[in-house]
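Please read this briefing alongside the sequence and the structure.

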Amino acid sequence: MSKLWGGRFTKETNKLVEEFTASITFDQKLAKEDIAGSLAHVQMLGECGIIPMDDTEKIKDGLLSIKEMVDNHEVEFSVADEDIHMNIEKLLIEKIGPVGGKLHTGRSRNDQVATDMHLYLRTKTTELIKLLEDVQQALISQAKVNVETLIPGYTHLQRAQPVSFAHHLMAYFWMFERDKERLIDSLKRINWLPLGSGALAGTTFPIDRERVAELLGFETVYPNSMDAVSDRDFILEFLSIGSIIMTHISRLSEELVIWSSQEFQFVELDDSFCTGSSIMPQKKNPDVPELLRGKTGRTYGNLIGLLTVLKGLPLAYNKDLQEDKEGMFDTVETLEGSLKLLAPMIETMTVKKDVMRKAINNDFSNATDIADYLVRKGLPFREAHEVIGKIVLYAIQNNKFLLDLRFEEYQEFSALFGDDIYQVLAPEHVVAVRNSFGGTAPEQVMKQIILAEGKLEE
C-alpha cells in the first residue's frame, strides 16, 4: 500500500474518495507550521530518550531541508498523500530513509493539525494587530489636520448636530482599538499547546509536553487530551473577532462611499483607489470601499459555517473538522487585504472642507442649541423643545435657516431671546461648547488624539 496508514486495508482508496477527503489543496498553507511543530516534537523525543539523538539530528536536518524547499516553492504536494502532515512525512522518509518514520512517535495527525493551526493563528493574529495599528495611524493623521473642520453629524442619516470631522474619524479609531484588544486577548487561548495529546487519549511514551511548549513558545498545555484534539474555540473566536473588524471596516467604507458621492462631495478618494466605467467616461467609482463593504459577508459566512460544523460533533476528532481551515484562511486573507488597502486610502483622501461647511450652513443642526439657550434662561426643556419646533417649521415655510431669521422673528416665538442668539447658533460655537469629556469640542478632540497616540505607543 502506498498510504502511510495502509497496512489495515486490502484495497486502494477510490480516486473520488481520495480527492474528496484530501485537504492538501488548502492545508499546504500550514507547511511551515507543520515543520516547526515537528522540529520541536522530535527534539523532545530525543531529549526524553524515546528515539536516539542520532536519529533526532537526522530527522531535524531532513525537516530543515524540506523547509528550505518549501520556502523556495520547490515542493509539489500530492493529493494521494491527503494532507500536509502525510506529504511532509513522506518527503522526509524519501529524503532520509526509514528513520523518518520515527518522527510520528508519540503523536497523531489529530494533535498535529491542531498545533499547526494554533501556530498559524498566533502568527496571523500578531500581524493583523500591526495592520490595525496602521489604519489607526492613518485615522490619526487625517484627524490632526481636521480638528477644526466641521461636518454634519447624523442620526437616522438625517442631519443632527455639527461635529468636528476629526471627532467623526476618531470614532473609528476606538472601534479598531477594541478590535485590537480583542485580538490581543485571544492570544491567551491561541497559546495553548495540543501536541502530545495523541489521537484523543494521550500516548504511552514518556513525552515531555511542557518542553515542546517551551520550544514552540506556548504558554499553556491543554490539560485534557480529548479537548485538545477537538477544540476549535480559538478559531471560532478569531472568526468572530474578524467579523467584528470587518463590520467596522464596512461601516467606514459605507461612509466613504456616501461622502464621495456627487450628492455629498465631502471627500474625494485618491484615483489609485478608484476605477472608471466601461461605458460612462465621467464616472469615478469607489470600488475599493464597495468591495470592503461587500467582502464583510464572507467573513460572517465563515463564522456561521464553522459554528454549524461544530454544533453536532461528539468528542473527540471527526473528519468534519477538516472544514475548519478554508474559512479560517479566507478570513485571514480578507482581513489582510482589507486593512492593507484601508490605511493608505484614508491617508490619501482629500477632505473638502468648504463643502462640509456649506452643508452645515444650510441645515437646522444647530436647533438643539436654541433649546439649551432657552433652558438656561429658565424655560423648561419640554416647552423649549416645542418653541424650537415651531421656529424650525416657520423657517422651512419661509425658505430660511436659523441664522437667516431676524431678531424680531425670534422674539415672536419667545421674549427670552436676546441678540446673543446668533453667537449661540454659530457652527463653531455649537461644536466648541460640547466640551465634556469625549465630546466634539476641538479641545476635547485634541485630548482624544493625544490619548489615542498613547495607545499606539503602548
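Helix H11 (residues 287-310) packs against helix H12 (residues 325-348) at an angle of about 155 degrees, and their axes are 10 Å apart. This is a predicted model, in which local features need pLDDT of at least 70 and side-chain atom pairs count only at pLDDT 80 or more, while totals for chains, interfaces and linings use all residues. Residues are numbered from 1 along each chain as its sequence is written, and side-chain values use heavy atoms, with hydrogens and water left out.

- Helices (H or I, at least four residues) and strands (E, at least two) are DSSP runs, numbered from the N terminus.
- Axes are lines fitted to C-alpha atoms, for helices over the stretch in contact, and angles run from 0 to 180 degrees between N-to-C directions.
- H11 and H12 are therefore roughly antiparallel to each other; angles over 145 degrees count as roughly antiparallel, under 35 as roughly parallel, 65 to 115 as roughly perpendicular and the rest as oblique.
- The crossing of H11 past H12 is left-handed, a term used if the near helix is turned anticlockwise from the far one by less than a right angle, whereas clockwise is right-handed.
- On the H11 side, the residues that meet H12 are Val288, Pro289, Leu292, Lys295, Arg298, Thr299 and Asn302. Their partners in H12 are Gly327, Asp330, Thr331, Thr334, Ser338, Leu341, Leu342 and Met345. Contact means heavy atoms within 4.5 Å.
- By class, the contact of H11 with H12 has six nonpolar, six polar and three charged residues. Ala, Val, Leu, Ile, Met, Phe, Trp, Tyr, Cys and Pro count as nonpolar, Asp, Glu, Lys and Arg as charged, and the others, Gly among them, as polar.

**Helices H7 and H10**

- Helix H7 (residues 165-190) and helix H10 (residues 233-259) have axes 9 Å apart and pack at an angle of about 170 degrees.
- H7 and H10 are therefore roughly antiparallel to each other.
- H7 contributes residues including Phe165, Tyr172, Phe176, Asp179 and Arg182 to the contact, and H10 contributes residues including Phe234, Phe238, Ile241, Arg251 and Trp259.
- The contact of H7 with H10 divides into 15 nonpolar, three polar and six charged residues.
- Isoleucine 241 sits in helix H10 and is buried, with 4% relative accessibility. Buried means under 20% relative accessible area, exposed over 50%, and partly exposed in between (1.4 Å probe, protein chains only).
- Apart from neighbours within four places in sequence, isoleucine 241 is in contact with Asp179, Arg182, Leu183 and Ser186.
- Isoleucine 241 and arginine 178 are separated by 63 residues in sequence and by 9.9 Å in space, C-alpha to C-alpha.

**Helices H5 and H6**

- Helix H5 (residues 84-96) packs with helix H6 (residues 109-144) at an angle of about 105 degrees, with axes 10 Å apart.
- H5 is therefore roughly perpendicular to H6.
- Ile84, His85 and Met86 of H5 make the contact with Arg109, Gln112, Val113 and Asp116 of H6.
- Three nonpolar, two polar and two charged residues make up the contact of H5 with H6.

- Arginine 211 lies in helix H8 (residues 209-216) and is partly exposed, at 21% relative accessible area.
- Leaving aside neighbours within four places in sequence, arginine 211 is in contact with Met44 and Glu47.

**Backbone features**

- Most residues other than glycine have a negative phi, and most peptide bonds are trans.
- Leucine 315 and alanine 316 are joined by a cis peptide bond, with omega about 5 degrees. Alanine 316 lies in the loop between H11 and H12.
- Histidine 156 is not a glycine, yet has a positive phi of about 60 degrees. Histidine 156 is in the loop between strand E1 (150-155) and strand E2 (158-164) and is exposed, at 76% relative accessibility.
- Glutamine 265 also has a positive phi, near 55 degrees, and is found in the loop between H10 and strand E5 (267-268).

**Cysteines**

- A search of the whole structure finds zero disulfides, where a disulfide is a pair of cysteine sulfur atoms within 2.5 Å.
- Cysteine 48 is partly exposed, at 31% relative accessible area, whereas cysteine 274 is buried, at 15%.
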